[in-house]
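I opened this notebook to record what I looked up in the structure.

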Amino acid sequence: MKAIEKLLSSPLVVLLLLFVIGEITYFNAIPGGFIWDEYGLILNNEAVRNFDFWHFFVSSPNNMADGLYRPLLSIVNSITFQIFGFNAWGYHILPILLHILNSYLIFRIFTRVLKFKNTPSFLGALIYLVHPLQTESVAYIAGLPEPMGTLWVLLGMILFTDAIHLKKGSAKIWKSIGAISMFVLALLSKESMIVMA
């Protein structure tokens, strides 16, 4: 047990293990094509195809009056389109990588913020990584707002708890500004990320 705890004390080893397990878990989503909402979000969206940056902040992500305000999603989809074009596999890789990174951040929160040991922290991150509840947001291209918003929420939590434990000074101010910035990015990714407040 001590050997496992020591092995998991290396952030690189933990990230590598989560990466391998995450890729094995979600690999079958990569060859999938575009479906349903993805046509309106990406393929038939002229603003995304032409990287119309300012348009992303004044319209819905799929150019419909659906009440969604997700400019960061449109920006990321547009950048992805500039790189991968109409190749769906490129869009599937991003939520998978974000989900793996989120599981690593959960490990960091357990060990750094909650002071759990490495082994139970890794098991918690692993459950988050492979839990079937996550499948839709990770395997479905239009589900990108969930792992993207979660990334900002988790980073914001880490920065906020770091800022709380610091005494007055510039580091405390910068970490506080960073936490607030993560909150804004989370809101620009998905409206329900208001839970971070």
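**Entry 1. Overall fold.** I counted the secondary structure elements and found eleven helices and zero strands in the protein chain. Read along the sequence, the pattern is α-α-α-α-α-α-α-α-α-α-α. I note here that the model is a predicted one.

I next looked up the overall dimensions. The C-alpha trace spans about 55 × 45 × 25 Å along its principal axes. For the radius of gyration I found 18 Å; a compact globule with 197 residues would have a value near 16 Å, so the chain agrees with that expectation.

I then asked what share of the 197 residues is buried. The buried residues make up 44% of them. I also looked at the sequence range of the contacts: among those between residues at least 6 apart in sequence, 66% join residues at least 24 apart.

**Entry 2. H2 against H8.** I took helix H2 (residues 11–26) and helix H8 (residues 118–130) as the opening pair. Their axes lie 10 Å apart, and the packing angle is about 25 degrees. Angles under 35 degrees count as roughly parallel, so H2 is roughly parallel to H8. The crossing of H2 past H8 is right-handed.

I listed the residues that form this contact. H2 supplies Val14, Leu17, Leu18, Ile21, Gly22, Thr25 and Tyr26. H8 supplies Phe122, Ala125, Leu126, Leu129 and Val130. How many of the residues in this contact are nonpolar, polar and charged? I recorded ten nonpolar, two polar and no charged residues.

**Entry 3. H10 against H11.** Helix H10 (residues 145–165) packs with helix H11 (residues 170–189) at an angle of about 160 degrees, and their axes are 8 Å apart. Angles over 145 degrees count as roughly antiparallel, so H10 is roughly antiparallel to H11. I noted a left-handed crossing of H10 past H11.

On the H10 side, the contact residues are Pro145, Met148, Gly149, Trp152, Val153, Leu155, Gly156, Leu159, Phe160, Asp162, Ala163 and Ile164. They meet Lys172, Lys175, Ser176, Gly178, Ala179, Met182, Leu185, Ala186 and Ser189 in H11. I sorted the residues of this contact into 13 nonpolar, five polar and three charged.

**Entry 4. H7 against H10.** I returned to H10 to look up its packing with H7. The angle between H7 and H10 is about 25 degrees, with the axes 9 Å apart. The two helices are therefore roughly parallel to each other. H7 passes H10 in a left-handed crossing.

From H7, the contact involves Pro95, Leu98, His99, Leu101, Asn102, Leu105, Ile106, Arg108, Ile109, Arg112 and Val113. From H10, the contact involves Pro147, Met148, Thr150, Leu151, Leu154, Leu155, Met157, Ile158, Thr161 and Asp162. The division I recorded here is 14 nonpolar, four polar and three charged residues.

Entry 5. Asn102 is located in helix H7 (residues 88–113). Is Asn102 buried or exposed? Its relative accessibility is 0%, so I counted Asn102 as buried. Setting aside neighbours within four places in sequence, I found Asn102 in contact with Tyr128, Pro147, Thr150, Leu151 and Leu154.

Pro147 belongs to helix H10. With a relative accessibility of 3%, Pro147 also counts as buried. Apart from neighbours within four places in sequence, the contacts of Pro147 are Pro95, Leu98, His99, Asn102 and Ser137. I also looked up the separation of Pro147 from Leu97, which lies 50 residues apart from it along the chain, and recorded 9.1 Å between their C-alpha atoms.

Note on methods:
Residues are numbered from 1 along each chain as its sequence is written. This is a predicted model: local features need pLDDT of at least 70, side-chain atom pairs count only at pLDDT 80 or more; totals for chains, interfaces and linings use all residues. Side-chain values use heavy atoms; hydrogens and water are left out. Axes are lines fitted to C-alpha atoms, for helices over the stretch in contact, and angles run from 0 to 180 degrees between N-to-C directions. Helices (H or I, at least four residues) and strands (E, at least two) are DSSP runs, numbered from the N terminus. Angles under 35 degrees count as roughly parallel, over 145 as roughly antiparallel, 65 to 115 as roughly perpendicular and the rest as oblique. A crossing is left-handed if the near helix is turned anticlockwise from the far one by less than a right angle, and right-handed if clockwise. Contact means heavy atoms within 4.5 Å. Ala, Val, Leu, Ile, Met, Phe, Trp, Tyr, Cys and Pro count as nonpolar, Asp, Glu, Lys and Arg as charged, and the others, Gly among them, as polar. Buried means under 20% relative accessible area, exposed over 50%, partly exposed in between (1.4 Å probe, protein chains only). The radius of gyration is taken over C-alpha atoms; the globule rule is 2.2 Å times the number of residues to the power 0.38.
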